There are 2 protein chains.
Amino acid sequence: MTLASKSTISFTTQNTYLNALLEYLHPIGDLEALLALASWDQQTAMPAEAGVMRMHQVAILESIIHERLTAQEMGTLLSNAEKAASQESFTDADRGLLRQTRRTYDHATKLPKSLVEEKARLRSESVDAWQKSRANNDFALFAPFLQRTIALKREVAERIGYTEFPYDALLDDFEPGLTTRKVEAMFQSVRAVSTSLLQRIQQSGQTIDASSLYGHFAPEQQHTLSDQLLRVIGYDFSRGQLARSQHPFTTDFGAPFDVRVTNRYDEQYLPMGIMAGMHEGGHGLYAQGISPALARTALANGASLGIHESQSRLWENAIGRSSAFWQAHYGLLQQAFPEHFKDIEQAIFVRALNTVKPSLIRVMADEVTYNLHILIRFELEKGLVNGEFAVESLPRLWNERYQQYLGITPPTETEGVLQDVHWTSQFGYFPTYTLGNLYSAQILHTLQQTFPDFQEQLATGDTSFILTWLREHIHQYGVIYQPEELIQRATGEAPNPQYFVDYLTNKFESVYNLPPEQVNN
Amino acid sequence: MTLASKSTISFTTQNTYLNALLEYLHPIGDLEALLALASWDQQTAMPAEAGVMRMHQVAILESIIHERLTAQEMGTLLSNAEKAASQESFTDADRGLLRQTRRTYDHATKLPKSLVEEKARLRSESVDAWQKSRANNDFALFAPFLQRTIALKREVAERIGYTEFPYDALLDDFEPGLTTRKVEAMFQSVRAVSTSLLQRIQQSGQTIDASSLYGHFAPEQQHTLSDQLLRVIGYDFSRGQLARSQHPFTTDFGAPFDVRVTNRYDEQYLPMGIMAGMHEGGHGLYAQGISPALARTALANGASLGIHESQSRLWENAIGRSSAFWQAHYGLLQQAFPEHFKDIEQAIFVRALNTVKPSLIRVMADEVTYNLHILIRFELEKGLVNGEFAVESLPRLWNERYQQYLGITPPTETEGVLQDVHWTSQFGYFPTYTLGNLYSAQILHTLQQTFPDFQEQLATGDTSFILTWLREHIHQYGVIYQPEELIQRATGEAPNPQYFVDYLTNKFESVYNLPPEQVNN
């Protein structure tokens with residue numbers, strides 16, 4: 001009898017203890033799918049007056065799920081299966097399931113019910129306060145709620161536990177294994193390449209004419225175009241749907257069988273919609289590619305937020321902003337908006353898509369400056385959670401850092417410290433965006449090694465070879481492997497920020513025809 | 001201390017026992033709303049491959065609801081509240097709640113879990129068999145499942161109990177208080193007026209030119225038109241939504257705050273969509289008019305299927321096929337399909353909407369022949385459940401009765417005995433359609449007494465006076481009163497089929513300019 005795990009994507013159905021655990025977990029997966037359905041509906045279809053009813057529906061469902069996740073029965077079933085795992089040859093899927101279930105169970109049981117309820121209540125109050133605060137351009141209205149949220153996050157961190165900093169516990173919650181030290185190390189390279197490239201671009205004196213991106217674009221046409229682009233990249237509508245919502249998002253109610261995406265459109269600025277469509281499409285492809293054997297369990301998800309973001313960024317940036325992709329699909333744009341595009345060359349359009357320009361709003365940022373926005377948030381939220389400065393200093397520190405890294409200062413708090421909803425409840429989330437960019441570059445590198453004619457094939461209109469590779473090396477595994485192990489398996493190397501540094505440098509030296517960098521010896 | 005109940009629409013919040021019961025019931029209402037949401041989504045948005053996942057989600061939700069509905073805790077809470085009701089002054093809402101809860105609890109606890117599961121399984125198998133059977137025009141494929149369904153219905157009837165016939169137990173399930181005897185009495189008048197009117201119309205030799213209803217009508221335009229007509233009749237989009245589905249329906253996830261309707265469109269035949277829109281609109285107005293005080297309880301529903309159908313029929317037939325209504329709103333049709341309607345007079349269109357012609361398909365039937373379709377189904381299902389003849393005879397008996405009542409014989413089983421999905425699981429449902437027509441005529445009569453200038457006001461485009469009256473006298477009460485009591489309260493008289501007889505006679509004598517009926521002395 002061997003204790004080594006088998007690398008197949010299926011659960012060991014012969015083991016009684018594992019089966020009993022799975023039978024307990026499946027209905028929880030089903031209830032979580034219903035929770036996601038309630039949220040999807042709320043954002044895509046629910047009438048305005050139905051909010052209070054929906055709140056009650058979500059509350060009872062969350063309470064039933066929490067009850068089941070923390071039940072003694074679950075603890076016993078889990079322990080039994082863990083004991084069996086130490087004696088029998090379990091598959092990687094089995095071990096992944098035990099790891100994830102242990103993680104969920106421990107988290108859930110470490111947080112008392114009162115804390116969980118306080119979290120939900122505070123979150124809702126905090127979102128309200130943030131909205132008022134934005135509307136009045138007055139951070140002070142939000143500050144007391146932010147104060148309470150940080151106190152609560154510290155309490156969560158203390159209860160869950162951490163090795164070095166309280167902030168570590170929060171990072172790990174979104175990205176298993178992530179620590180403050182790791183994020184700091186990653187930002188060393190990222191900060192260097194971003195600031196240096198930005199400086200070189202600005203010193204080059206070049207500006208790109210982005211007028212080809214502006215005009216009048218009817219939302220209905222944009223929606224049809226989004227649909228077509230999703231089909232182009234292989235998103236499966238027999239397992240999915242595209243709807244409209246205020247903010248684009250991807251969700252599933254039983255991956256890989258029911259994975260839906262949404263989009264929203266700016267009538268004046270085309271990239272808002274088409275790039276968000278490619279981005280959500282990337283998330284959607286990931287969830288549709290998870291092995292059906294993992295359905296109805298916690299493994300039928302993305303390995304982490306960072307890995308998920310690597311997929312969306314790959315399709316949005318590496319593919320969706322590439323000349324090769326549009327060489328094949330520019331016709332779709334011309335067909336959707338013939339008047340607008342009749343005199344615009346494809347190369348002009350693609351170059352405009354890659355304009356670099358420091359701006360105030362993260363979600364509108366280009367690839368070079370994007371991670372500087374994240375860096376600022378990371379430094380600030382880490383400081384807040386670790387108690388290095390007071391909430392009141394936040395607007396000042398925010399503005400100072402924007403001046404320092406991007407050379408601009410927000411004229412209002414609404415366009416500054418109040419721009420993201422995250423701090424109403426999420427701390428430790430922002431770094432996963434940058435992590436996604438890094439993973440995406442490393443994966444792209446492997447793809448280009450595997451397919452030496454990557455660009456040529458892409459230019460023929462084919463993206464299926466990319467999707468097939470992603471499915472085989474990343475998607476199908478769901479949460480079986482931890483993010484770093486998954487990257488190691490897929491690319492043959494531990495996560496390495498150098499790929500992103502090289503990608504960014506090569507890409508933007510080319511877009512801006514930059515002279516070679518001076519090396520001071 | 002008085003034991004008389006107070007006719008206000010609110011629960012007695014001072015009573016501890018009633019409060020405890022309400023606190024127990026509210027989350028059940030929330031879970032039932034989620035079940036309805038899952039079904040709505042399945043019919044309006046769910047991708048094709050997601051069926052199995054959805055089946056699991058619905059199964060766990062149903063099982064949680066059933067568990068809570070049959071729990072001993074619920075029995076105790078209910079008994080306590082019932083005892084309190086005999087000592088204190090409870091409101092009509094309180095008493096309605098106790099009546100409904102007792103009914104649900106007794107039904108649920110009388111049926112063992114195995115039977116409930118068998119019902120669900122058989123229903124699903126039966127729908128599959130029915131679909132195959134239709135596709136092959138072969139009743140024999142469906143017969144064994146129908147046989148099993150009837151056996152199961154008989155078992156349900158035995159367990160729930162009945163006074164005279166097993167079929168009574170099934171009728172009562174859809175329409176509290178309804179019995180075989182009552183349905184038979186009602187059909188005496190209905191059969192007489194329907195067959196007599198049909199004969200007189202046929203003898204008059206008149207036919208109506210209905211070509212104005214046929215043409216090419218783009219579904220998107222029809223959908224916009226449906227939306228507009230819903231707004232015209234007062235359907236509130238801040239508490240509702242209109243979507244597309246294969247079969248039109250109305251549902252709610254927390255009436256009166258979230259009540260949604262669907263529609264579907266025939267590109268060649270306009271009334272299919274607009275009449276279904278008015279019909280579902282009638283259901284939707286009812287649910288949106290329920291008192292918010294009843295939200296999250298079993299009282300936030302229609303009083304019965306018959307009462308619900310009275311609302312949809314009122315808006316579809318009495319209003320939606322009236323000359324007065326179209327006098328005001330014909331412009332919407334002309335605006336939606338200017339080419340088609342430019343040479344068609346409004347009177348021609350309305351007359352065509354009221355064409356009487358025996359046909360094979362119930363859902364396409366006119367007002368005169370509609371109830372004959374129901375009569376046939378009633379006679380046959382009553383006989384099946386009471387064991388008067390074998391399932392095998394059904395196609396023959398069906399055809400014989402169509403010949404007898406409508407003078408036509410279905411050329412295929414698909415257009416005959418296999419046309420409705422109901423018998424895959426529902427027996428005792430059909431009569432509520434006719435009941436709805438009867439109630440609707442009685443309500444219309446009261447409306448016309450209350451508003452002597454009913455037609456004139458309708459012709460100005462105003463329907464709000466109708467809706468206000470319906471809200472005040474019917475909608476707001478939800479399930480507080482039993483259907484017959486509700487009709488008595490709203491119209492000042494017990495249900496009386498004569499109003500329908502008069503309505504139908506007057507309307508179609510006028511539509512067809514029939515000579516006065518000969519009275520044989």
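Buried means under 20% relative accessible area, exposed over 50% and partly exposed in between, computed with a 1.4 Å probe on protein chains only. The views below show a predicted model in which local features need pLDDT of at least 70 and side-chain atom pairs count only at pLDDT 80 or more, while totals for chains, interfaces and linings use all residues. Residues are numbered from 1 along each chain as its sequence is written, chains are lettered from A and ligands numbered from 1 in the order in which they are written, and side-chain values use heavy atoms, with hydrogens and water left out.

View 1. Helices (H or I, at least four residues) and strands (E, at least two) are DSSP runs, numbered from the N terminus. The buried residues are Pro166(B), Tyr167(B), Asp168(B), Ala169(B), Leu170(B), Leu171(B) and Phe174(B). Their cover includes helix 6 (139-160), helix 8 (180-204), helix 11 (305-319), helix 15 (370-385) and helix 17 (431-450) of chain B.

**View 2. The interface of chain B and chain A.** In this interface, 35 residues of chain B are in contact (heavy atoms within 4.5 Å) with 35 residues of chain A. The buried area, which is the accessible area (1.4 Å probe) that two parts lose on being put together, summed over both, is about 2,900 Å² here, and carbon and sulfur atoms give 66% of it. There are 4 salt bridges between the two chains, a salt bridge being a side-chain nitrogen of Lys or Arg within 4 Å of a carboxyl oxygen of Asp or Glu. Asp41(B) and Arg260(A) meet in a salt bridge through their side chains, at 2.7 Å from N to O. On the side of chain B that touches chain A, helix 1 (16-44), helix 2 (51-70) and strand 1 (240-244) of chain B each supply at least two residues. Helix 1 of chain B gives the most, with 9 residues.

**View 3. The annotated binding site in chain A.** An unreviewed UniProt entry lists His279(A), His283(A) and Glu309(A) under "binding site"; UniProt positions are given in the numbering used here, feature names are shortened, and annotations may be inferred rather than shown by experiment. These residues span 31 residues in sequence, yet no two of their C-alpha atoms are more than 8.6 Å apart, so they gather at one spot. His279(A) lies in helix 10 (residues 270-288) of chain A, and His283(A) is also found in helix 10 of chain A, whereas Glu309(A) is placed in helix 11 (residues 305-319) of chain A. His279(A) is buried, with a relative accessible area of 11%; His283(A) is buried at 10%, and Glu309(A) is buried at 6%. Not counting residues up to four places away in sequence, Glu309(A) touches His279(A), His283(A), Thr432(A), Tyr433(A) and Gly436(A).

**View 4. Trp423(A) in its loop.** Trp423(A) is located in the loop between helix 16 (394-406) and helix 17 (431-450) of chain A. With 4% relative accessibility, Trp423(A) counts as buried. Not counting residues up to four places away in sequence, Trp423(A) touches residues including Phe142(A), Leu146(A), Arg377(A), Trp398(A) and Phe430(A). The side chains of Trp423(A) and Glu381(A) are joined by a polar contact of 2.7 Å. A polar contact is a pair of N or O atoms within 3.5 Å; within protein, one must be able to donate a hydrogen and the other to accept it, and residues adjacent in sequence count only if both atoms are side-chain atoms.
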